[in-house]
Amino acid sequence: MPCGVEAMEKVRVGFIGAGWWATANHMPLLRSRDDVELTAVCRLGRDELERVQSYFGFRHAYEDYRAMLDEVELDAVFVASPHTLHFEHASAALNRGLHVLCEKPMCTSADQARELVRLADEKGRHLLVPYGWHYKSFIQEAKRLLDGGAVGA
C-alpha cells in the first residue's frame with residue numbers, strides 16, 4: 001500500500017425489503033463492489049429471506065426490521081419495502097443515525113416526506129430517493145432550458 005494511503009473500510013449496508021426490485025437491481029450492483037459489505041437483510045417470509053441471504057452473502061437476516069436495526073452495526077440502509085411502510089422504515093433508520101436510500105415513492109404523503117427530510121437534516125445523514133430519469137438526455141435538456149428562463153421565473 002502506498003505511503004499515506006489507508007485501507008478503505010467497507011460500507012456496511014442493510015436492506016429493509018428484499019423483493020424483486022432490490023434483488024434484481026440494488027443487491028447485484030452492491031455485491032460487485034469492493035467497498036460495500038452486504039451486512040443485513042430484512043424481509044417477511046423465512047424461506048425467501050434465507051434464499052436472499054444465501055445468494056447475496058448477507059451475514060445477518062431478519063424478519064423484524066427493528067431487531068435488525070437494534071442488533072447490527074450498519075452505516076446505511078436501503079428501504080425497498082412496500083410504499084406505505086417507507087416512512088416507518090426510513091425514519092427508524094434515520095433515528096439510529098444511518099444514511100438512507102429510500103425507493104420511490106419516498107412516502108405516501110407530503111408531510112411524511114418533509115418529516116424525513118427534516119430528520120435527515122437534524123441527524124446530519126444523507127437521504128436519497130433514486131430516480132434514474134434525472135440523468136436522461138431529455139431531462140437534462142429540459143433542466144438546461146428551465147435554468148435559462150425558457151418558461152419564465
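I16 sits in strand β1, residues 11-16. Strands here are DSSP runs of E with at least two residues, helices are runs of H or I with at least four, and both are numbered from the N terminus. This is a predicted model: local features need pLDDT of at least 70, side-chain atom pairs count only at pLDDT 80 or more, and totals for chains, interfaces and linings use all residues. Residues are numbered from 1 along each chain as its sequence is written, and side-chain values use heavy atoms, with hydrogens and water left out.

Back to I16. Buried or exposed? I16 is buried, at 2% relative accessible area. Buried means under 20%, exposed over 50%, partly exposed in between, with a 1.4 Å probe and protein chains only. Leaving aside neighbours within four places in sequence, its contacts include C42, Y65, M68, L69 and H89. Contact means heavy atoms within 4.5 Å. L85 lies 69 residues from I16 along the chain, and their C-alpha atoms are separated by 9.9 Å.

C42 is buried at 5%. C102 is buried too, at 0%.

Next, helix α2, residues 46-56. L49, V52 and F56 are buried there. Seen down the axis, the buried residues of α2 fall within an arc of 65°, so they line one face. That arc is taken from the directions from the helix axis to the C-beta atoms. Remember the general rule: an α-helix has 3.6 residues a turn, so residues three or four places apart point the same way. What do the buried residues of α2 pack against? They pack against α1 (20-31), β2 (36-42) and β3 (60-62). The face turned away carries exposed D47, R51, S54 and Y55. G57 follows α2, with a positive phi near 80°.

Last, a helix pair. The axes of α4 (86-95) and α5 (110-123) come within 10 Å and cross at roughly 10°. Axes are lines fitted to C-alpha atoms, for helices over the stretch in contact, with angles from 0 to 180 degrees between N-to-C directions. The two helices are therefore roughly parallel; angles under 35 degrees count as that, over 145 as roughly antiparallel, 65 to 115 as roughly perpendicular and the rest as oblique. In α4, F87, A90, S91, L94 and N95 meet Q112, E115, L116, L119, A120 and K123 in α5.
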